[in-house]
Amino acid sequence: MITLPSYPFSLKDIQERIEEIKNQPLENFSSEKAAALFALHCIDLTTLEGADNTKKIEQLCNNAVQYQSAAVCVYPVFVRQAKELLKNSAIKVASVAGAFPAGQSPIEIKVAEVEYAVAQGADEIDIVISRGLFLEEKYETVYNEIVTLKKACQNAHLKVILETGELIEPNLIYKASILAMYAGADFIKTSTGKITINATPDAFLVMLDAIFQFFNDTKKQIGIKPAGGITDVDTTLLYLKLLSKTLNINWLSYYYFRIGASRLASHLYNFIEK
């Protein structure tokens, strides 16, 4: 039976910390433009719509090259096309899989979709936890699913989406973060972008605390990806402040920090070009 640690801080504590950090100067960057440029290079440029088609994927990849994004993120059926379009760049191809975004499918189907995306050439796989099972405290089942899907990823990096907008409570977000990391996540990610509540500074800070604790316990460095709802420069700078203040400079790399916010890319680009 899996027992997960409780989060030691209240929502009030979290919000007070965020306000304190928000009012502090930006560290580890020479200017706001330098920070914006870093963030631009950490974006997973994404399209995950029912109307996605080959022309849209081509435009997405062209934009990724222009912005020098970290990755593009697409549905499995578009992985091969994206890989071909980006073969002369360092930009990674990520794919959602494993019954994204609901996670409400048998594990055999989830595995098959992950294996398909990897066979198509995906460098990274973004899965979502089974929130229903997690909320029923069936932690061992959720853990085993992640372990199984991590194995199906082979050499591809695994990002585990918690869908924090459905977990809501800081304690649940913390527990889900710890569970995902021990099960083999290379990254933990806030959201699918498919529900009303996406990335929030509150959830992000709880996940950062979980990564900090996990690193202290295991010495394994796990990445983090806020996704959905980040659309302006000021919000981006706040996330960078929270990251810098909670972890350390070793996380200021696209190897350990990503942003899932396609609408943000043009705003950052225009801010840098001013």
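**View 1. The buried residues of helix 7 in this predicted model.** Helix 7 buries Y139, V142, E145, I146, L149 and A152, where buried means under 20% relative accessible area, exposed over 50%, and partly exposed in between, with a 1.4 Å probe and protein chains only. Seen down the axis of helix 7, these buried residues fall within an arc of 150°, so they line one face of the helix; the arc is that of the directions from the helix axis to the C-beta atoms. Their cover includes helix 5 (107–119), strand 4, helix 6 (131–135), strand 5 and helix 9 (170–183), with contact taken as heavy atoms within 4.5 Å. Helices (H or I, at least four residues) and strands (E, at least two) are DSSP runs, numbered from the N terminus. The 14 residues of helix 7 (residues 139–152) reach 20 Å from first C-alpha to last, close to the 20 Å expected at 1.5 Å a residue; the expected span is 1.5 Å times one less than the number of residues. Just after helix 7, look for Q154, with its positive phi of about 55°.

As a predicted model, it needs pLDDT of at least 70 for local features and 80 or more for side-chain atom pairs, while totals for chains, interfaces and linings use all residues. Residues are numbered from 1 along each chain as its sequence is written, and side-chain values use heavy atoms, with hydrogens and water left out.

**View 2. The largest cavity, lined in part by helix 7.** Here you will find a volume of about 40 Å³, in the 1 cavity of 30 Å³ or more. Its lining consists of K110, I127, V128, I129, S130, V142, E145, I146 and L149. Helix 7 gives the most to this lining, with 4 residues, and strand 4 also supplies at least two. On a 1 Å grid over the protein atoms alone, a cavity is a set of points where a 1.4 Å probe fits but cannot get out, and a pocket is an open set with protein on both sides within 12 Å along at least five of seven lines; lining residues have an atom within 4 Å of a point. Grid points are joined across faces, edges and corners, and a volume is the space filled by probe spheres set on the points.

**View 3. Strand 5 and its two parallel neighbours.** Of the 5 residues of strand 5 (residues 157–161), 4 are buried, so the strand is largely enclosed by the rest of the structure. Strand 4 (residues 124–128) runs parallel to strand 5 and is joined to it by 5 bridges; D126 has K159 as its bridge partner. Strand 6 (residues 187–189), also parallel to strand 5, is joined to it by 3 bridges, with I161 opposite K189. Two strands pair if DSSP finds at least two bridges between them.

**View 4. A185, in the loop between helix 9 and strand 6.** At 3% relative accessibility, A185 counts as buried. The C-alpha atoms of A185 and L158 are 5.5 Å apart, although 27 residues separate the two along the chain. Leaving out residues up to four places away in sequence, A185 touches L158, V160, A180 and I222.

**View 5. Helix 12 (262–273) and the largest pocket.** In helix 12, L264, A265, L268, F271 and I272 are buried. Seen down the axis of helix 12, they fall within an arc of 135°, so they line one face of the helix. On the other side, R263 and E273 are exposed. The largest pocket has a volume of about 550 Å³, and among its 27 lining residues, T46, T47, A261, S262 and R263 are the closest to its centre.
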